[in-house]
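Student: Could you walk me through this model, starting with the overall picture and then going into the details?

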Amino acid sequence: MYFSSDSLLPENQQPLMITVAPFGPQWLPADYPEDISVSWKDQVQKAVDCYNAGATVLHVHVRDPKTGHISKNFAEYCDFIGMLRQAVPRMILQIGGSISLAPEPGKEAEWHGRDTRHMLAEIDPKPDQVTVTLGTTLINPLPLTTTDDTLGTQFAKTEIRNAYQNMVVDAAPAFYIEHLKRLRARAIQPYFSMAHVHHLEELEHLIRTGVYLGPVNHILTAIGGSGFCGRNPFDFMEYIRRSADGSVATMGSIWRTVAPFAAMAIALGVHIRCGIEDNIWSRKGVRMNSVQQVDQVVRLAKELKRPVATSEQAREMSKLGVWYRSVEETLAALDLPPNRKDGQLGLMVNETDGKLRAATVGSDGHALAGHDVATISGQK
């Protein structure tokens, strides 16, 4: 993204979209009973409370009220989206494309099979977005997890830690190319969940080859391990620098660095995600629920004078329902240079008429000069 001299002024930034992930598939109810909702009524109420606090995008996982575990029942996903449509009709509903990351105790953690994950495109009523990853990647949050972070949770158990540190995101091209086609067929917007800058390169390749033609909403998911970028802010800055100007970028971290990254994202004009799926601590040893985390982000935004987006603004910025008809239209909308033409040399730039036009007013660095170019050059 291109930063000009006035980009950090809050009046020139988009209103802040807050994504909240309050359903925490990695947790069991006993890990945080004060904030892990189990009944349908309580799960829906959690969404309402987060929306009232200022979140406009809801990252959805579904918990089976009978077991307390994340649901593997397709019908329950349909039912829950229907309940949410009634309770928070203007909130952007975004389903986590993993379906379930929560392993049973003593079992290997893995994503559901590709056919099962493709069913997310068939949920009725349909969500607004489904998260999509671009590349099979090790998803191991343990290198960024301290002993303090695991206290009182299942992550303190050796068998759970062993399961998670060997978890792999299955997202080969055979999966995500087909998944993008199915989402487009049902007019569900993909929300790109990225691990590092090289996923941006893959996404640009998909656009330039016509595989994906639509707006780009994406999140840098900085959870660490050898597969994802971690807490180095230079990784975050490089990701933002490499993001297309016409895309909508969100930052996501893990554990107690969610808030520091939120502060950076708010200052830079980027959007932010929070919630117990990412973090359960306000500081070491003190728990923080999802609504409190939204409240904290809202306070940070107010201190920096950046307005928090309304649901209508969030939907407009996300360009829900918008699709493009060609590679050229998509590249132009994202402010990316066009594809190279056969035999074309040099750097790729958008075409102009080739004429260089001088400014009509200028001064030699003096704000009060007020002379036009011709006067200064002695032509008048």
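**Overall picture and details**

Tutor: This is a predicted model, and in it residues 24 or more positions apart account for 75% of the contacts with a separation of 6 or more. The protein has 13 helices and 12 strands, and buried residues make up 50% of its 380 residues.

Student: Which strands form the closed barrel, and with what pairing?

Tutor: The closed barrel has 8 strands and runs β1-β2-β3-β4-β7-β8-β9-β10, with parallel pairing. On average, and with direction ignored, neighbouring strands of this sheet are turned by 25 degrees against each other.

Student: Which helices pack on the sheet?

Tutor: Helix α8, residues 233-242, is one of them, touching β7 (189-194), β8 (217-221) and β9, and its direction makes about 165 degrees with that of β8. Helix α11, residues 311-318, also packs on the sheet, where it touches β3 (92-95), β4 (129-132), β7, β8, β9 and β10, and its direction makes about 55 degrees with that of β3.

Student: Over how many bridges do β9 and β10 pair?

Tutor: Strand β9, residues 248-252, and strand β10, residues 271-274, pair in the parallel sense over 2 bridges. For Met251, the bridge partner in β10 is Ile272.

Student: Switching to helix packing, at what angle do α9 and α10 cross?

Tutor: The axes of helix α9, residues 258-268, and helix α10, residues 290-303, cross at roughly 35 degrees and come within 10 Å. The crossing of α9 and α10 is right-handed.

Student: Which residues make that contact?

Tutor: From α9 the contact is made by Ala259, Ala262, Ala263 and Ile266, and from α10 by Gln296, Val297, Leu300 and Ala301. The residues of this contact of α9 with α10 divide into 7 nonpolar, 1 polar and no charged.

Student: New topic: is Gln13 buried or exposed?

Tutor: Gln13 counts as buried because its relative accessibility is 11%, which is under the 20% cut-off. The place of Gln13 is in the segment before β1, which covers residues 18-20.

Student: What does Gln13 contact, then?

Tutor: Leaving aside its neighbours within four places in sequence, Gln13 is in contact with Ser7, Leu8, Ile266, Ala267, Leu268, Gly269 and Arg306. For Ala267 there is also a distance to give, as its backbone oxygen lies 2.9 Å from a polar atom of the side chain of Gln13.

Student: What about the backbone, where is the cis peptide bond?

Tutor: A cis peptide bond joins Asp124 and Pro125, with omega at about 0 degrees. Pro125 is found in the loop between α3 (114-118) and β4.

Student: And what is phi at Ala187 and at Asp335?

Tutor: Phi of Ala187 is near 55 degrees, a positive value in a residue other than glycine, and Ala187 has its place in the loop between α6 (173-185) and β7. Phi of Asp335 is near 60 degrees, again a positive value in a residue other than glycine, and Asp335 is found in the loop between α12 (327-333) and α13 (373-376).

Student: Why do Ala187 and Asp335 count as partly exposed?

Tutor: Ala187 counts as partly exposed because its relative accessibility is 38%, and Asp335 counts as partly exposed because its relative accessibility is 44%. The range for that class lies between the buried cut-off of under 20% and the exposed cut-off of over 50%.

Notes:
Residues are numbered from 1 along each chain as its sequence is written. This is a predicted model: local features need pLDDT of at least 70, side-chain atom pairs count only at pLDDT 80 or more; totals for chains, interfaces and linings use all residues. Side-chain values use heavy atoms; hydrogens and water are left out. Axes are lines fitted to C-alpha atoms, for helices over the stretch in contact, and angles run from 0 to 180 degrees between N-to-C directions. Helices (H or I, at least four residues) and strands (E, at least two) are DSSP runs, numbered from the N terminus. A crossing is left-handed if the near helix is turned anticlockwise from the far one by less than a right angle, and right-handed if clockwise. Contact means heavy atoms within 4.5 Å. Ala, Val, Leu, Ile, Met, Phe, Trp, Tyr, Cys and Pro count as nonpolar, Asp, Glu, Lys and Arg as charged, and the others, Gly among them, as polar. Two strands pair if DSSP finds at least two bridges between them. Buried means under 20% relative accessible area, exposed over 50%, partly exposed in between (1.4 Å probe, protein chains only). A polar contact is a pair of N or O atoms within 3.5 Å; within protein, one must be able to donate a hydrogen and the other to accept it, and residues adjacent in sequence count only if both atoms are side-chain atoms.
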